[in-house]
Amino acid sequence: MFLTGLDGGWAELANPAQGLGFRLDWDPAVFRWVISWQPYGGAHAMPLRGAYGLGIEPWTSGGNLAAAIAAGEAIELPGGGRLDTTLTASIINC
């Protein structure tokens, strides 16, 4: 599932029974899209076969590179160029 139009650059998951959670923060000006995937034991291909989980991946655009270029969303860096950003993963108390 692709998510866009987010109010901020973060996602948080809490497990109150464990008193812990996970938080991911990113720069929403760079990563304007998020892909979320949940195999929940139903994936047949390795390495996710039998996995039960949740994936949250910040992306710079939705879809593949060809779609990003067509939509004018692809980030292009010149030779020797660079893009600096920060992603922060935290274990939190809840």
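Which residue in E6 is the bridge partner of Leu20? The partner of Leu20 in E6 is Asn93. The model is predicted, so that local features need pLDDT of at least 70 and side-chain atom pairs count only at pLDDT 80 or more, while totals for chains, interfaces and linings use all residues. Residues are numbered from 1 along each chain as its sequence is written, and side-chain values use heavy atoms, with hydrogens and water left out.

Leu20 belongs to strand E3, residues 20-25; strands (E, at least two residues) are DSSP runs numbered from the N terminus. An open sheet of three strands, in the order E2-E3-E6, is formed by antiparallel pairing, where two strands pair if DSSP finds at least two bridges between them. Strand E2 (10-15) and strand E6 (88-93) are at the edges with a single partner strand each, so one side of each lacks a neighbour in the sheet.

Six bridges join E2 and E3 in the antiparallel sense. Along this pairing, Leu13 has Phe22 of E3 as its bridge partner, and Ala11 lies opposite Leu24 of E3. The two strands make a hairpin with four residues between them, and Gly19 in the turn has a positive phi of about 70°. On E3 and E6, the antiparallel pairing again runs over six bridges.

Leu20 is partly exposed, at a relative accessible area of 39%; buried means under 20%, exposed over 50%, and partly exposed in between (1.4 Å probe, protein chains only). Leu20 also contributes, with Leu13, Phe22, Tyr40, Tyr52, Leu54 and Ile91, to a nonpolar surface patch of about 780 Å². Patches consist of residues with over 30% relative accessible area and no salt bridge, with like charges joined within 9 Å and nonpolar side chains (Val, Leu, Ile, Met, Phe, Trp, Tyr) within 5 Å. A salt bridge is a side-chain nitrogen of Lys or Arg within 4 Å of a carboxyl oxygen of Asp or Glu, and accessible areas come from the Shrake-Rupley method with a 1.4 Å probe, only the protein chains shown counting as cover for residues.
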